[in-house]
Amino acid sequence: MKKRKYSKRDNKAFLYLSPWIIGMLLLQIFPFLTSFYYSLTDYNPVSRDINFIGLQNYIQLFTRDVEFFQSLRATILYTVYTVPAKIIMSLLIAILLNKGRKGIGILRTIYYLPSLFGGSVAVAILWRVIFMDQGLVNSVISMFGIGTISFFGDPRFALPTLSSLEVWQFGSSMVMYLAALKQVPQSLYEAADIDGASKIAQFFKITIPQISPIIFFTIIMQTIVALQNFTSAFIITNGGPVRSTYMLGLKLFNDGFNFFRMGYASATSWVIFILVLGFTLIMFGTSRFWVHYGDKA
Amino acid sequence: MRKKNLLALGLAAVLLGGLFAGCGNGAATETTTTNDTTTEEADSTDQEEPADTTNGEQINLRFSWWGGESRHEATLAVIEAFEAEHPNITITPEFSSIDGYAARLTTQFASRTAPDIIQVETGLGSEYQRQGVLKNLSETDFDFSNFDESFLEIAKFGTDSYWAIPTGMGGSALIVNQDLADAAGVPITEPHEWEDWFEWGRLVREYDPEAYLLSASTPLAYAFIIRAMARQMTGEAIVDRDFNLTLTEAQFEEIFDFIRRLYEEEVAAPASYLAPFGEQLQQDPNWVAGRYVAAMGYSSSIEVFTAAAPDVTFANGRLPLLPDRANDGWVTEPPQFIGIYYYSEHPEEAAKFLNFFFNNAESVRTLGLVRSIPPTAFAQEIIEGEGLLDPLMMESVEISLSYNGFSDGGPTTSAEVRAILESAFEDIAFGTLTPADAAARTVQQIEDFIAANSN
């Protein structure tokens, strides 16, 4: 088969794409590669001294740094708390909103609103105020005779409370599920009805397989977001108490910007990268067993 | 199918790239190519000074500081007055709260875009000097004659030159609720030893089961207890200027055991209760309600802390001592420094502004107490004459001055060592580590810090 020659029209496409390509090269690929180089050095951003030290940063991380393992634990727990909860929550709300009721548009907007705020500082501060000892949540539970809970002072509650902020922002996943649910052919449900399948069976045998590519996508995206958490931990708890919310992103920030150990911080960022990459590869590896694409024979 | 998976994998990889954008991006633009040369520049003592460019030319300086509303307003007013006197110099203010201030400076140092005039955290002064980002003020026209020479030693960071200007006088303080202290029979305003706290703690709990002798939140108490006790034990900073660890593991354990007892014997309020307030003692309802005999803090925070509990009569406590001590440990320190950036293109104009800032009577009047008690006798007289001097704050400084301690500014006050000590304090206060385990971990972490920084 003869190879098709590129036409002038194809070259034009590259011209139009160039702002994105240049941006990606400069703002993502270059820092990405530079950070790997830094991770092999003792780069100090204040004095700008830099010496190649091989794998020393990685060795210290895994053999001597107690806080690294505390951070790793906090980050993985945060991911375990937030990702499944957020996916279940967004899917359930999407199913409820996938009905043609009156005023459904307003409801969809209301549920999506928290996601518009994203990882903003204002929302993090609001969360701190809601859960403080004299905050709204403690006022409500005190009505039921329960004593004050120190949500951000007690290491047992700090991480779950912080996770609830992330779960609350389920809007973007919800919108995707809503779109996916709209694409499921009604004929499948009609056929299932004729066959006498229950609503629960229809949900697990039709709905879930049909929207599985979106579930797959949201799991990967939410995991990446959770593993990179920084803002809420920085603003609300600053990693405490007793480092129960000291995420890897926060440790990376402190090492690099407050302790002037940018090489060490870069090594941490590469550990996060390997963690995310490993998780993503496992997900892709297992996807053929549970993700169903419409074009598959 | 396979193609689709590959495409999705590629897209996920691109998203992951964003993870690294925050790590060294700003610095990356220049450092990889110029590091050899810039390091030489920073180390060099005979670097060529920028030429004086004031000949009618318009000069712009940048001045960064952190603080609250009153500090911002007063500093902006001084800038305005200076600009009126020096029409060829404009000053761009860059002010914020303290949150993230040091981290922002780090990125500015990395990209050589730091402001010309910089307010510096007390503990980071010697660190910045060591990293070569502060201008040697002895080589500028800044007039130090109004300053007390012995107090200025602190601004030399162990060298023969002045690298920064102390913005005020202060030190550790025990802020005492005199009403509760009297009622519970606790003479904490008299000279005393650390060990006395346990008996007094028991007395306070007996008097009022809802009250405690101390409010000791981790960020305020770790420096007060660990660093002061270490200075009293050894007569040295925990990590000296030559990067030697001066405290043994057994001595760390002794200090940590003292902290364990404070919480276990209910001398201090529970750590989990105090944790959400951090350094913001004034937000603690128990403080406002007068349920602590004393709170650990700094002279500069007295005004804010006492204002939160207007119904309480406050006094200054004396600072605790060890019976057998190398020295008293307590010292008068500035709440922060102001320095000139080493790579400023206009260090002489920056020094001119700082002269106006510290040595001009009108500036002193405008600034008042926004950076604690002014560091010069000349300024203190003016403030006193205006009736602005807070007697409680002044007395706190006088108490600090009465002890023969020394500043441990240097590696001990670097952000990393502070975090190590704070972390150990928190583990003991919450009971998640024994004093022995915390001591072993602290020694290991400080040794790692020394290994990474001492070359």
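Start with chain A coloured by confidence: the mean pLDDT of chain A is 88, and 95% of its residues reach 70 or more. Here pLDDT is the predictor's confidence in each residue, from 0 to 100. This is a predicted model, in which local features need pLDDT of at least 70 and side-chain atom pairs count only at pLDDT 80 or more, while totals for chains, interfaces and linings use all residues. Residues are numbered from 1 along each chain as its sequence is written, with chains lettered from A and ligands numbered from 1 in the order in which they are written.

**Chain A, whole chain**

Switch to a cartoon of chain A, which has 13 helices and zero strands. Helices (H or I, at least four residues) and strands (E, at least two) are DSSP runs, numbered from the N terminus. The C-alpha trace of chain A spans about 80 × 70 × 35 Å along its principal axes.

Of the 297 residues in chain A, 38% are buried. A residue is buried if 20 or more other C-beta atoms lie within 10 Å of its own, exposed if 12 or fewer, and partly exposed in between, with C-beta atoms placed from the backbone. Among contacts in chain A between residues at least 6 apart in sequence, 70% join residues at least 24 apart; a contact means that two C-beta atoms, placed from the backbone, lie within 7 Å.

Next select helix α4 (residues 104-117) of chain A, where the confidence of the chain is lowest, at a mean of 76. Then go to α12(A), where confidence is highest, at 95.

Select the loop between α11 (231-237) and α12 (248-258) of chain A, which holds A:Pro241. The peptide bond from A:Gly240 to A:Pro241 is cis, with omega near -10 degrees. Most peptide bonds are trans, and most residues other than glycine have a negative phi.

A:Asn238 belongs to this loop between α11 and α12 of chain A. Although not a glycine, A:Asn238 has a positive phi of about 50 degrees. A:Asn238 is partly exposed, because 16 other C-beta atoms lie within 10 Å.

Move on to A:Arg243, also placed in the loop between α11 and α12 of chain A. The phi of A:Arg243 is positive, about 60 degrees, although this residue is not a glycine. A:Arg243 counts as buried, because it has 23 C-beta neighbours inside 10 Å.

**Chain B, two domains**

Colour chain B by domain: domain 1 is 56-169 + 334-398, and domain 2 is 170-332 + 414-453. These bounds come from an automatic or database domain assignment. The C-alpha centres of domain 1 and domain 2 of chain B lie 29 Å apart.

Show the residues between them: 18 residues of domain 1 of chain B are in contact with 16 residues of domain 2 of chain B. On the side of domain 1 that touches domain 2, helix α17 (residues 391-401) of chain B gives the largest share, five residues.

**Helix α8 of chain B**

Finally, select helix α8 (residues 196-207) of chain B. At 1.5 Å a residue, its 12 residues should span 16 Å, and its end C-alpha atoms are 17 Å apart, which agrees. The expected span is 1.5 Å times one less than the number of residues.

In α8(B), the residues B:Trp197, B:Trp200, B:Gly201 and B:Val204 are buried. Seen down the axis of α8(B), the buried residues fall within an arc of 110 degrees, so they line one face of the helix. The arc is that of the directions from the helix axis to the C-beta atoms.

Turn to the face of α8(B) away from its buried side for the exposed residues B:Glu199 and B:Glu206.
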